Amino acid sequence: FFWCPCFRLAFAEAEATGMPHSGSPVMCVRWCVSLKKQAKFIASFASFLREAHPEVQCEELQLPFPEAEGDSLTTEGGTSAKAPPMVVVVLHKLVDEICEVLMAKPEYRFRADGLCPPVGSGSENRTSEERLRCLQQYIAAHPEACVVDPWPAVQRVMDRHSLLTALAAAGVPVPAHALWGQAQGEAAVEFPAVVKTRLSCGHPSTHLMAVVHTEQQLRVAAERLGEESGLAVLWQSWVHHDGTVWKVYIIGSQSWVARRSSPPVSVESGVSANFDSQSSGQPGPLDVNTALPLFPNAELPGLASGTASVLTALGTTMRNVLGLSLFGFDVIVPSSRPACANPSPPLPEVVVVDVNYFPGYKEVGDVNPALLNHLRTQAASQA
């Protein structure tokens with residue numbers, strides 16, 4: 001049974017009776033997320049709205065949206081004697097469902113000796129397809145709705161190959177990469193290298209990786225990961241760095257940066273090493289709720305002067321390239337010349353190694369008001 005918590009966001013306008021505009025929009029957002037996302041993020045945001053913005057009205061709905069039952073608040077895009085027209089904001093993150101659907105396509109499946117291991121049950125895939133179809137039908141039926149963020153853009157971020165290719169084409173420093181089993185791009189990838197799945201989320205194996213140093217280690221790691229997960233595999237050049245990952249969080253035009261330790265993987269021994277990118281990294285000196293606001297010329301402990309301007313510019317570029325307003329990306333400062341998809345002599349100041357749509361923002365202490373302001377801005381631009 002799939003629940004979709006839903007809010008609705010409406011902007012008050014003058015009533016036909018001549019009632020003056022209140023100047024204060026009635027906030028309501030409709031979203032569809034996984035139960036995990038609901039527990040880790042949405043519940044806190046809903047609590048914030050109830051306590052600080054009681055004008056926000058909340059209702060819990062399922063997909064498909066029960067259009068036949070009517071609208072308990074007002075008619076979308078229309079008028080009512082009791083309520084003004086409204087702009088609906090659709091906030092979504094159904095990456096598990098997208099992953100299940102994509103895994104049925106050959107390009108996202110691992111194929112060794114012509115065999116494709118089974119992935120999930122047919123009934124699970126049909127359920128995911130139905131959920132996605134219902135949401136897409138709702139969006140198509142309500143072109144006046146403000147969707148945060150565009151559906152195709154979210155799907156592209158889940159595909160590491162498409163993501164890295166798009167960023168490299170836009171001049172963003174990213175590691176050189178290639179799909180396992182395809183010759184295109186392999187010449188640019190150098191050892192040591194990281195082996196990972198093509199899909200970046202929505203499956204238990206998307207965070208399992210391996211560092212390899214030789215063609216033999218690459219073959220073993222790629223085949224093991226592909227056969228165990230059923231997912232297509234890619235490999236990318238390892239970027240030597242000081243063990244620190246800088247996590248940049250984006251909400252519209254606002255951004256923050258937090259420091260974390262990278263997975264404790266040694267690349268000096270030449271021995272292949274497996275690791276989980278989610279469980280290995282630990283918070284750095286910037287603990288939970290202490291991410292720093294990011295803006296040009298900001299002084300960031302642990303980063304060279306001017307790096308904040310570089311990160312700010314990267315955030316703007318990636319917003320434009322990806323077509324997203326809610327995302328995070330990880331960067332590292334290379335300690336030696338990496339094999340990048342778009343070499344930037346003599347040494348890029350930072351290299352983007354990961355992108356995540358609608359992350360948890362757990363290091364961002366003021367995330368709830370920031371998200372509320374962003375949704376207001378998005379809805380106002382659509383009205």
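Student: Is Phe-358 buried or exposed?

Tutor: Buried means under 20% relative accessible area, exposed over 50%, and partly exposed in between, with a 1.4 Å probe and protein chains only. Phe-358 has a relative accessible area of 0% and is therefore buried. Please note that this is a predicted model, in which local features need pLDDT of at least 70 and side-chain atom pairs count only at pLDDT 80 or more, while totals for chains, interfaces and linings use all residues. Residues are numbered from 1 along each chain as its sequence is written, and side-chain values use heavy atoms, with hydrogens and water left out.

Student: Where does Phe-358 lie, and what is its phi?

Tutor: Helices (H or I, at least four residues) and strands (E, at least two) are DSSP runs, numbered from the N terminus. Phe-358 belongs to the loop between E15 and H9. Most residues other than glycine have a negative phi, and most peptide bonds are trans. The phi of Phe-358, however, is positive, near 45 degrees. Asn-297 also has a positive phi, near 70 degrees; this residue sits in the loop between E13 and helix H8 (307-322) and is exposed, at 61% relative accessible area.

Student: Which peptide bond involving Asp-149 is cis?

Tutor: The bond that joins Val-148 and Asp-149 is cis, with omega about 5 degrees. Asp-149 is in the loop between strand E5 (146-148) and helix H4 (151-158). A cis bond also runs from Phe-191 to Pro-192, where omega is near -5 degrees; Pro-192 is placed in the loop between strand E6 (177-179) and strand E7 (193-197).

Student: In what order do the five strands of the open sheet run?

Tutor: Two strands pair if DSSP finds at least two bridges between them. The order here is E13-E11-E10-E14-E15, with antiparallel pairing. Strand E13 (292-293) and strand E15 (351-357) stand at the edges with a single partner strand each, so one side of each has no neighbour in the sheet. Six bridges connect E10 and E14 in the antiparallel sense, and Ile-251 stands opposite Leu-326 in E14. Helix H9 (residues 367-382) packs on the sheet and touches E10, strand E11 (254-261) and E14, a contact meaning heavy atoms within 4.5 Å. The direction of H9 makes about 40 degrees with that of E10; axes are lines fitted to C-alpha atoms, for helices over the stretch in contact, and angles run from 0 to 180 degrees between N-to-C directions.

Student: How many salt bridges does a search of the whole structure find?

Tutor: A salt bridge is a side-chain nitrogen of Lys or Arg within 4 Å of a carboxyl oxygen of Asp or Glu. The search finds six. One of them joins Lys-247 and Asp-330, with the closest N and O atoms 3.0 Å apart. Lys-247 is in strand E10 (residues 244-251) and Asp-330 in strand E14 (residues 326-332), so the pair ties together parts 83 residues apart in sequence. Lys-247 counts as buried at 18% relative accessibility, as does Asp-330 at 13%.

Student: What separates Glu-130 and Arg-133 in helix H3?

Tutor: Glu-130 and Arg-133 are three residues apart in helix H3, which means a separation of about one helical turn. Their side chains meet in a salt bridge (2.7 Å, N to O). Glu-130 is partly exposed at 37% relative accessibility, and Arg-133 is partly exposed at 38%.
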